[in-house]
Amino acid sequence: MIVLRTKLNNVFGFDDFEINFSYPKRILNSLIEEEHLGERPNFRYKKAVILMGSNATGKTSLGKALLRIFSYANTENKTLLLEMVPADSTGSFSVDFVNEGFVLHRLSAEINAAAGTVDVHYASAEIEEKDSYEKCADRLTDQTASIGKKPLKNVVGELNFRFAYPEIEPSLKIKGMDKNILLKTLKAVIGTLDPTLTDVTVAKDLKDSFIIRRKGIEIIIQEGKLLNREVLSSGTAEGIDIAVFLASMISGSESFYYCDEHFSYIQSDIEKRIFGIMLDNLGVNEQMIFTTHNTDMLDLNLPKHTYAFLRKKEEDGEYKTTVMYASDMLKRNTDSIRCALQNDVFSSLPDESLLDTIERGLSDEK
């Protein structure tokens, strides 16, 4: 599954927001292989996106919106969409994506939370052999009337995705995953973070469960839930979530992945190493969005189009979130993304002027 473009209006705080995941020019000798739709080399998409930005710019909210839209496509539960828009208000979204075969889909909707109604529209276009995303998108044709009462899932195919952030998906969701891969991944990730936790086994008497042992303590993952998280450090508990996410990628059980700031308590070098493993295990026609505050991720030898920066700026008395792409601002191979960020080229650094008032106040008191 591949997302090419997303538009959000009055959805989870986004107003007239658009983010694009295609790119115009093939990169020679890129570390990210096959950044195009299989058998369609001109249909280019960003296979991995490192999404950065200061707090409250919408990194988590973007994932929340995509999760609900994808879940709606599978279930057609309109409550999922109604809850994205403030009560007594209206909003809209549009998502262009490819799922199975050579078809570009556009799912969009106008959401009226006050009336409790959702007006869904669907358009599609065949992806021809030499098409780029932009060329194919120009041929999108509305098919809303023709699909009638057919379930959306029958039209676009079932969407397979995994989102990782505790406040949205508290379950570790291990059902259907290859247990041998999960066991090996748990041992590697948890053992790296805490060498005292190398004894990880499949529970014999509990369904879909794993036991992590430290001396006389047993930490149990049962049917996708970590039962005694409190006995672990924040970094190790976070590492279990990461291990399950990584095992899903290695297993190939999903095709779209959204990893939201899951390395807050983990050393920078380990974050970069695990991200590299994730990247190596992204298959054909798969995609990952990875949000982080870790500026060391800017030092990875990746195409500039991999990096996007969310920023919240005041316009006419209101704050709006927009996105800046590193590849739009930095054209030369020698341009440093880290230096550009430090110089606020992307206008994504937080405004620290209010902190100045504290420093001045304390100085005056002294």
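Here are a few notes on the salt bridges in this predicted model.

1. Side chains of opposite charge can pair up when their charged atoms come close. In this model the count comes to 13 salt bridges, and the points below look at some of them.

2. Take Arg-5 and Asp-96: they form a salt bridge, with 3.7 Å between the closest N and O atoms. This pair ties together distant parts of the chain, since Arg-5 sits in strand β1 (residues 2-9) and Asp-96 in strand β6 (residues 90-98), 91 residues apart. Both Arg-5 and Asp-96 are buried.

3. Next up is Glu-261 with Lys-59, a salt bridge whose closest N and O atoms are 3.4 Å apart. Here too, distant parts of the chain are linked: Glu-261 is in the loop between β15 (256-260) and α8 (268-280), Lys-59 is in helix α1 (residues 59-75), and 202 residues separate them. Lys-59 has a relative accessible area of 3%, so it counts as buried. Glu-261 comes out at 23%, so it is partly exposed; the cut-off for buried is under 20%.

4. Now have a look at Arg-332 and Asp-335, which form a salt bridge with the closest N and O atoms 3.0 Å apart. Is Arg-332 buried or exposed? Its relative accessible area is 56%, so Arg-332 is exposed. Asp-335, at 16%, is buried.

Notes
Residues numbered from 1 in each chain as written. Predicted model: local features only at pLDDT ≥ 70, side-chain atom pairs only at ≥ 80, totals over all residues. Heavy atoms only, no water. Salt bridge = Lys/Arg side-chain N within 4 Å of Asp/Glu carboxyl O. Helix = DSSP H or I, 4+ residues; strand = E, 2+ residues; numbered from the N terminus. Buried < 20%, exposed > 50% of the residue type's maximum accessible area, 1.4 Å probe, protein only.
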